[in-house]
Amino acid sequence: GVVVAARDLEAHRRFYTGALGLEETAPGAFRCGTSLFVVREDASARGAVARDGLGYRYTTIQVFDCDGEHAGILARGGAEGARPITLGKTARFSFVRDPDGNWIEISQRASLTGPLPS
């Protein structure tokens, strides 16, 4: 899984189960398809880095409907990072942010989901 250091475990629990709609399978472990987000509380964690730059900057979640998932996450209390945009015929994607400001890409990749909406 992906291990996330978080300043406030309860805020992340609300985000992962509420806004993202993931199942908490064990304390601090959230299932996303066949993957896990494992959140560990760490008061010194620093999120909110720039999205572009060297190193790991964001995590991607593949979905079948970028617009619907993005809107649903915002409606359930998630924070917007960037509105959905289309990259040619390749992908439609957006970004949301977790409680520490970490970036999560919501990606609808045509090679995985079929043609993008027009």
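1. Arg 97 lies over the face of Trp 103, 3.8 Å from the ring centre. A second case of this kind has the charged end of Arg 51 over the ring of Phe 95, at 4.2 Å from its centre. The rule here is that a charge sits over a ring if NZ of Lys or CZ of Arg is within 6 Å of the ring centre and within 35 degrees of the ring normal.

2. A word on what you're looking at. This is a predicted model, where local features need pLDDT of at least 70 and side-chain atom pairs count only at pLDDT 80 or more, while totals for chains, interfaces and linings use all residues. Residues are numbered from 1 along each chain as its sequence is written, and side-chain values use heavy atoms, with hydrogens and water left out.

3. On confidence: pLDDT is the predictor's confidence in each residue, from 0 to 100. The protein chain has a mean pLDDT of 94, with 100% of its residues at 70 or more. Strand E1 (residues 2–6) has the lowest confidence, at a mean of 92, and helix H2 (residues 66–75) the highest, at 98. Helices (H or I, at least four residues) and strands (E, at least two) are DSSP runs, numbered from the N terminus.

4. Back to the rings. Rings of Phe, Tyr and Trp (its six-membered ring) pair if their centres lie within 6.5 Å; planes under 30 degrees apart count as stacked, over 60 as edge-to-face and the rest as tilted. That rule gives 6 aromatic pairs. Take Phe 15 and Tyr 16: the ring centres are 5.3 Å apart and the planes stand at 75°, so this pair is edge-to-face. Phe 95 and Trp 103 also make an edge-to-face pair, because their planes are at 90°, with the centres 5.8 Å apart. Ring pairs also link Phe 15, Tyr 16, Phe 30 and Phe 37 into a cluster.

5. How accessible are these rings? Buried means under 20% relative accessible area, exposed over 50%, and partly exposed in between (1.4 Å probe, protein chains only). Phe 15 is buried at 6%, and Tyr 16 is buried at 1%. Phe 95 counts as buried too, at 3% relative accessibility, as does Trp 103 at 12%.

6. Helix H1 spans residues 9–19, and its buried residues are Leu 9, Ala 11, His 12, Arg 13, Phe 15, Tyr 16 and Ala 19. At the N-terminal end, Asp 8 caps H1, with a side-chain oxygen 3.1 Å from the backbone nitrogen of Glu 10. Gly 21 follows H1 and has a positive phi, near 75°.

7. Tyr 16 sits in H1. Leaving out residues up to four places away in sequence, Tyr 16 touches Val 4, Gly 21, Leu 22, Phe 30, Phe 37, Val 39, Asp 98 and Ile 104, where contact means heavy atoms within 4.5 Å. For Val 39, 23 residues along the chain from Tyr 16, the C-alpha separation is 9.7 Å.

8. Gly 72 lies in helix H2 and is buried at 13% relative accessibility. Ala 11, in helix H1, is buried with a relative accessible area of 15%. Ala 11 and Asp 52 are 41 residues apart in sequence, and 25 Å apart from C-alpha to C-alpha.

9. Arg 92 deserves a look. Its place is in strand E7 (residues 91–97), and it counts as buried at 17% relative accessibility. The side chains of Arg 92 and Thr 86 are joined by a polar contact of 2.7 Å. A polar contact is a pair of N or O atoms within 3.5 Å; within protein, one must be able to donate a hydrogen and the other to accept it, and residues adjacent in sequence count only if both atoms are side-chain atoms. Not counting residues up to four places away in sequence, Arg 92 touches Cys 66, Asp 67, Pro 84, Ile 85, Thr 86, Ile 106, Ser 107, Gln 108 and Leu 116.

10. Lastly, the cysteines. With a disulfide taken as a pair of cysteine sulfur atoms within 2.5 Å, the count is 0. Cys 32 is in no disulfide, and the nearest cysteine sulfur, that of Cys 66, is 14 Å away. Cys 32 is buried at 17% relative accessibility, and Cys 66 is buried at 0%.
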